[in-house]
Amino acid sequence: MNKTEAAYGFYLSDLQNKGEIREFKFEAVKLILGNRCSYTPDFMVVRPDGTLEFHEVKGFWRDAARVKIKTAADKFPFVFIAAKQTKTGWEIETIQEGEN
């Protein structure tokens, strides 16, 4: 885990302690996007209602990372979250099916 991912792990721990999420795991799932192309989200997050989310954490976003998370959102019926660390906390963006 890099420093940004570790900081997000602390953020998720705080959400878990507040009851806003049920649990989270680091790099727990590998999603197959195509032939010789996979995506391992940084965090798998389970909401209190059982909704499964995959969170990708970045200090800054490269085009290839955006393509992978958008492809995953198009292919799989889960919620995908892009989290970017800022000076004051986290900028959270939901990536939805069909976004270009």
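Begin by selecting R66 together with W61: in this predicted model, R66 lies over the face of W61, at 4.8 Å from the ring centre.

D42 is buried but has no salt bridge, and K58, the nearest side chain of opposite charge, is 5.1 Å away. Once neighbours within four places in sequence are set aside, the residues in contact with D42 include K25, F26, H55 and V57.

Turn next to the largest nonpolar core, which has 14 residues, with L31, Y39, I69, A72, F76, F80 and I95 having the most contacts inside it. Two or more residues each come from β2 (31-34), α2 (63-75) and β6 (79-85), and α2 gives the most, with four. Another core, of nine residues, lies apart from this one and has Y8, L12, F24 and V45 among its members.

Finally, show the aromatic rings, for which a search of the whole structure finds nine pairs. Select Y11 and W90, a tilted pair at 6.2 Å centre to centre with 40 degrees between the planes; this pair links helix α1 (residues 3-17) with strand β7 (residues 90-95), its two members being 79 residues apart. Y11 counts as partly exposed because its relative accessibility is 29%. Extending the selection to Y8, F24, F26 and F43 displays, with Y11 and W90, a cluster linked by ring pairs.

Definitions and conventions
Residues are numbered from 1 along each chain as its sequence is written. This is a predicted model: local features need pLDDT of at least 70, side-chain atom pairs count only at pLDDT 80 or more; totals for chains, interfaces and linings use all residues. Side-chain values use heavy atoms; hydrogens and water are left out. Buried means under 20% relative accessible area, exposed over 50%, partly exposed in between (1.4 Å probe, protein chains only). Lys and Arg count as positive and Asp and Glu as negative; His and the chain ends are not counted. A salt bridge is a side-chain nitrogen of Lys or Arg within 4 Å of a carboxyl oxygen of Asp or Glu. Contact means heavy atoms within 4.5 Å. A nonpolar core is a set of buried Ala, Val, Leu, Ile, Met, Phe, Trp, Tyr and Cys residues joined through side-chain atoms within 4.5 Å. Rings of Phe, Tyr and Trp (its six-membered ring) pair if their centres lie within 6.5 Å; planes under 30 degrees apart count as stacked, over 60 as edge-to-face and the rest as tilted. A charge sits over a ring if NZ of Lys or CZ of Arg is within 6 Å of the ring centre and within 35 degrees of the ring normal.
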